[in-house]
Amino acid sequence: MDKTKGREGAGMTEESRAGAGLTGLDRQAVSGLLRTRAFGRNIEVHETIGSTNTRARDLAMAGIPHGTVVIADEQREGRGRRGRSWVSPKGAGIWMSVVLRPGFKVAWASRITVIAALSVSEAVYEATGSRPMIKWPNDLIMGNKKVCGILTEIRACDADTDFVIAGIGLNVNTHTDQFPSDLARSATSIYQETGIHIDRNRLIADILNSFETLYENLAKPDGFAQFRMRYRDLCITLGRRVRVCGANEEFEGTAMDITGECTLLVKLDDGTVREILSGDVSVRGIAGYI
Ligand code: BTN
């Protein structure tokens, strides 16, 4: 484990980065650490790109194989959920998209988001000893701030053209001053929370190793049931006061459970239980609660 206090992003020379054991993104370094069959066996690494999800979608449309990964050192037009942008400074994080061609219905896309979140949480735990929690549906939280977001996009047409793009944005070595001031209150990085500088190549490989294992288990009978238990254990939303902001309404309640369809059950103060399929859910005690 690399515990150097050096800085991988701005302010470090190439020599000091190398001296600290921190090198840039390197396709071969990632490949050498993979234990996968498909995930990451075909990798594109970009110094700068608009969005890895957009590039992955274009490749998928052109027929690129299942498991192809697009990674960038910097995104200029990183995309988040609900049309938001995703700040992706150079050298600071993992901005990565995985092309999946599920042999099952793309209606399972929410399950793919769940296992992507579990994979990141597990890989960060292995690297640091600190385990990110999950804010429903797919934000990873450290120190009550967001450290990672996942953007799952699907194209459903027919069996040959269906694909899912799982986009992972993980703030790894980001320093406070690399976040815009409005984000600094709610966003964090692994470095900020643990003081540990992470080798991104190793972390990418660890995420992909874990992601593929979980993915292959998804198709097994009851495969999702065990992930649901793990997800619930890590879900920081459950048991807490939440505010739900949907398209046409806002309400408060207490988060009760995650269903087999990955929806969230919220008990309102009058005792009624609402099932939340999507929407913004802020959690009391976590940055961003309003
Ligand atoms: C969120 O809003 O929480 C999801 C953020 C997802 C960001 C990642 S970074 C890699 C991939 N490419 C993108 O443009 N977005 C996703």
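This is a predicted model: local features need pLDDT of at least 70, side-chain atom pairs count only at pLDDT 80 or more; totals for chains, interfaces and linings use all residues.
Let me start at the ligand, where one of its nitrogen atoms lies 3.0 Å from an N or O atom in the side chain of Thr52, a polar contact being a pair of N or O atoms within 3.5 Å. Residues are numbered from 1 along each chain as its sequence is written, and side-chain values use heavy atoms, with hydrogens and water left out.

Another nitrogen atom entry concerns Gln75, which places a polar side-chain atom 2.9 Å from a nitrogen atom of the ligand, and Arg81 brings a backbone N or O atom to 2.7 Å from an oxygen atom of the ligand. On its own the ligand has 420 Å² of accessible area, of which the protein covers 98%, by the Shrake-Rupley method with a 1.4 Å probe. There are 20 residues around the ligand, and those that come nearest are Ser51, Gln75, Arg79, Arg81 and Lys146, where being near requires a heavy atom within 4 Å.

Now to the rings. How many aromatic pairs does a search of the whole structure find? The search finds 2, with rings of Phe, Tyr and Trp (its six-membered ring) pairing if their centres lie within 6.5 Å, and with planes under 30 degrees apart counted as stacked, over 60 as edge-to-face and the rest as tilted. Phe39 and Phe211 form an edge-to-face pair, at 5.2 Å centre to centre and 90 degrees between the planes. Phe39 belongs to the loop between helix 2 (27-32) and strand 1 (43-49), whereas Phe211 is in helix 7 (residues 200-218), 172 residues apart; helices (H or I, at least four residues) and strands (E, at least two) are DSSP runs numbered from the N terminus. Both Phe39 and Phe211 are buried, that is, under 20% relative accessible area, as against exposed at over 50% and partly exposed in between, with a 1.4 Å probe and protein chains only.

Why is the pair of Phe39 and Tyr215 called tilted? The ring centres are 5.5 Å apart and the planes stand at 55 degrees, so the pair is tilted. Since Tyr215 is in helix 7 and Phe39 in the loop between helix 2 and strand 1, this pair ties together parts 176 residues apart in sequence.

Definitions and conventions: A polar contact is a pair of N or O atoms within 3.5 Å; within protein, one must be able to donate a hydrogen and the other to accept it, and residues adjacent in sequence count only if both atoms are side-chain atoms.
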